[in-house]
Every structure is written in structure tokens, then in C-alpha cells.
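Try each task before reading its solution.

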Amino acid sequence: MEVTISTLDQGEAGTIELSPAVFGQPVRADILQQVVRWQQAKRRQGTHKSKTRGEIKATTRKMYKQKGTGRARHGAATTTQFRGGGKSFGPVPRDHAHSLPKKVRKLGLKVALSSKLAEGKLVVLDQASLDGPKTKPLAAAVGKWGWKTALVIDGDALDRNFTLAARNLVGLQLLPIAGANVFDILRRDVLVLTTAAVRGLEERLA
């Protein structure tokens, strides 16, 4: 499948042939869901914690006498039904990550790339670079393209001027090819790949 290569100012810089094995996969929501869930689980800190009854620092003195008050029998104030007491079966620090086969992860990235191409929201740039670290010309170019949110994936390294210029633009995210992932591709409206990124992804996923 042949796609036009564009420049940042919407000019044409030739065409590029995309591999059907990478960009021609049928869209499978189940695969995307599995990979996104796996990614999000890995990102969870898992530092949530509540104190149990044994961890509450309070006096162990009996609250009031056992009989004669007409009230329920109680001992220490650290029990769960009292304010300031411990929590039964509360959250504890743990790792939320789970395993996912490499083939499924690889297929998920292919499906995400293919879905953007099928929706007409895949743009191939000749290069993502600027002459200087100025936000104004980049903002003007993004405005002409009409990108509200976009993910730009470049080759092994990002252009420093382009990176500095993009830092002030809301909704524009930059990633090197090593950071390409399903979640960030799906959460942005437009996917922008440089020719170096296309070749790198095809080599990585083919």
C-alpha cells in the first residue's frame, strides 16, 4: 500500500510503500484491549495502603466496663467500627503487572498502526526537525494540519529543536521509535510517523 510522504509545511516529498504485514492488519478491539490493559497495569504504582487494626497506635485500655452500661461490649478502640480504627482487608502495596505473550504485544502494535491507517489518521513526514527551537513556526504548522492531538514518532533519536519547540504545545506528544506503544497511539487522534519511524517499525514488527 502506497502512502504520500508529506513535509511539515504540507508539501509533498514523494511516496512510500507500507508493509501490509504491519499496516494492513484487521482491526481487533479485543487485542487492543488486552495490550492497553497490560500497559496500564504495569504503570500502576501499587503503593495504596490502609492500616489494619494491628498497625493503629492507640491505647489498649478497655473503653468502658463490660456490664451495666446497656451498650455493646467493646475492648480496644482500634477496632474497625470506630473512627480512627483499623480497616479490615484494606489495600496493601502490591505489583499489579501481569504477563502477556510477546506475540500478542507485537500484534497489538500492528493492529494499532493499521487502525490509524484505516481511519485515515496516519500521516507520514519526511522528517520531524526544525531549524531552531521556536514554538511559533511549529504551532503554525500544526494549526494548518488541523491536529488537535497528535503523536509524532521519529527514528532512534528525536531532533532537539523539534523537541524543545513541541514542549509548549498542548496535545502534541513526541516519542522515539523505541517508545512506540499501543496506548499512546490510541489516545491521540492523529499518528504522525517519519520515514525513519516507518522503516524502523517495519523492521521491528515484520
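**Exercise 1: the largest pocket**

The largest pocket has a volume of about 160 Å³. The model is a predicted one.

*Task.* Find which residues line the largest pocket, and which element gives the most to the lining.

*Solution.* 

Step 1. Start with the residues: the lining is made up of Val-35, Trp-38, Gln-39, Lys-102, Arg-105, Lys-106, Leu-109, Ala-180, Asn-181, Val-182, Arg-204 and Leu-205.

Step 2. Two or more lining residues come from each of α2 (29–43), α3 (102–118) and α7 (195–205). With four residues, α3 gives the most.

**Exercise 2: how α2 meets α3**

*Task.* Describe the crossing of α2 and α3: at roughly what angle do their axes cross, and which residues meet?

*Solution.* 

Step 1. Take the axes of α2 and α3: they come within 9 Å and cross at roughly 115°.

Step 2. Name the arrangement. Angles of 65 to 115 degrees count as roughly perpendicular, so α2 is roughly perpendicular to α3.

Step 3. List the partners. From α2 come Ile-31, Leu-32, Gln-34, Val-35 and Trp-38, and they meet Val-104, Arg-105, Leu-107, Gly-108, Val-111 and Ala-112 of α3.

Step 4. Sort this contact too: eight of its residues are nonpolar, two are polar and one is charged.

Methods: Residues numbered from 1 in each chain as written. Predicted model: local features only at pLDDT ≥ 70, side-chain atom pairs only at ≥ 80, totals over all residues. Heavy atoms only, no water. 1 Å grid on protein atoms, 1.4 Å probe; cavity = no way out; pocket = protein on both sides within 12 Å on 5 of 7 lines; lining within 4 Å. Points joined across faces, edges and corners; volume = space filled by probe spheres on them. Axes fitted to C-alpha atoms, helices over the stretch in contact; angles between N-to-C directions. Parallel < 35°, antiparallel > 145°, perpendicular 65-115°, else oblique. Contact = heavy atoms within 4.5 Å. Nonpolar A, V, L, I, M, F, W, Y, C, P; charged D, E, K, R; others polar.
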